[in-house]
Amino acid sequence: MSAKILDGQALAATVRAEVTEGVKQFRAEHGFAPGLAVVLVGEDPASQVYVRNKAKQTTEVGMISVEHKLPAETSEADVLALVKKLNNDNRVHGILVQLPLPLHIREHAVIQAITPEKDVDGFHVINAGKLATGQPHLVPCTPWGSMKLLALAHPEGLSGKHAVVIGRSNIVGKPMAQLLLQANCTVTIAHSRTQNLSDIVKSADIVVAAIGKPNFVPAAWIKQG
């Protein structure tokens with residue numbers, strides 16, 4: 001079997017079209033648009049690009065985008081106060097705090113302060129717990145998008161396939177493994193302390209490199225087909 005590149009941009013366009021239609025129906029039924037609040041603390045260049053793109057795509061699908069850009073020296077208490085305010089704002093239905101935060105602010109404290117129902121990143125411990133136990137929940141976007149791509153590559157389904165996830169972060173690795181388990185894969189989670197990683201990867205039908213290091217997995221590790 002020859003290699004096939006999965007077209008994430010085409011999939012994203014399809015998803016945005018579906019969301020646009022969903023928002024249109026929501027507004028017709030309820031008389032208002034869903035609102036997404038994004039909080040950016042500091043001036044990290046990559047974060048600024050992410051926030052700008054999120055705001056653009058939010059408005060393009062018909063939702064309301066609310067941006068809160070705070071200076072890097074903003075205290076943790078002030079960030080938590082803003083999150084509490086957004087939790088209580090009926091016009092805000094989703095809250096996204098852009099990571100990473102400045103070092104003096106505890107990411108865990110801020111994430112757990114978000115009302116789980118508004119935690120669109122799916123990072124709150126309640127959403128993570130619901131994911132682990134198969135209950136309805138909000139899902140981190142990167143693992144969710146990866147599952148959508150895998151569905152394109154394997155229209156017959158993923159059941160019974162051996163999936164290797166390289167990385168164990170709460171943002172990608174762990175939720176990715178949980179979603180693959182729910183799709184009836186046999187899942188191996190590998191990480192920086194894993195021994196004989198090349199042999200483990202060679203046994204996989206699916207490999208998800210969630211380690212943040214480009215070119216970490218060489219072609220020689222990938223099983224034929």
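Modeller: The answer below starts with the whole chain, then turns to the sheet, and ends with the loops.

This is a predicted model, so local features need pLDDT of at least 70, side-chain atom pairs count only at pLDDT 80 or more, and totals for chains, interfaces and linings use all residues. Residues are numbered from 1 along each chain as its sequence is written, and side-chain values use heavy atoms, with hydrogens and water left out.

First, the setting. The protein has eight helices and six strands. Both are DSSP runs, numbered from the N terminus: helices are H or I with at least four residues, strands are E with at least two. From the N terminus the order reads α-β-α-β-α-β-α-α-α-β-α-β-α-β. The C-alpha trace spans about 50 × 45 × 35 Å along its principal axes. Of the 225 residues, 35% count as buried. Buried means under 20% relative accessible area, exposed over 50%, and partly exposed in between, with a 1.4 Å probe and protein chains only.

Three strands form an open sheet in the order 5-4-6, with parallel pairing. Two strands pair if DSSP finds at least two bridges between them. Strand 5 (186-190) and strand 6 (206-209) stand at the edges. Each has a single partner strand, so one side of each is left without a neighbour in the sheet. On average, neighbouring strands are turned by 15° against each other, direction ignored. Axes here are lines fitted to C-alpha atoms, for helices over the stretch in contact; angles run from 0 to 180 degrees between N-to-C directions.

Strand 4 (residues 162-166) runs parallel to strand 6, and four bridges join them. Ile 166 has Ala 209 in strand 6 as its bridge partner. Helix 7 (residues 173-182) packs on this sheet and touches strand 4, strand 5 and strand 6. Contact means heavy atoms within 4.5 Å. The direction of helix 7 makes about 170° with that of strand 4.

Next, the connection that follows the helix. Asn 184 lies in the loop between helix 7 and strand 5. Its phi is near 70°, a positive value in a residue other than glycine. Asn 184 is exposed, at 51% relative accessible area. Asn 215 also has a positive phi, near 65°. This residue sits in the segment after strand 6. Asn 215 is exposed, with a relative accessible area of 77%.

One loop elsewhere deserves a look. Pro 100 lies between strand 3 (94-97) and helix 4 (107-113). The peptide bond from Leu 99 to Pro 100 is cis, with omega near 5°. Gln 98 is placed in the loop between strand 3 and helix 4. Gln 98 counts as buried, at 5% relative accessibility. Its side chain makes a polar contact of 2.7 Å with that of Lys 54. A polar contact is a pair of N or O atoms within 3.5 Å; within protein, one must be able to donate a hydrogen and the other to accept it, and residues adjacent in sequence count only if both atoms are side-chain atoms. Not counting residues up to four places away in sequence, Gln 98 touches Val 39, Leu 40, Ser 47, Tyr 50, Val 51 and Lys 54.
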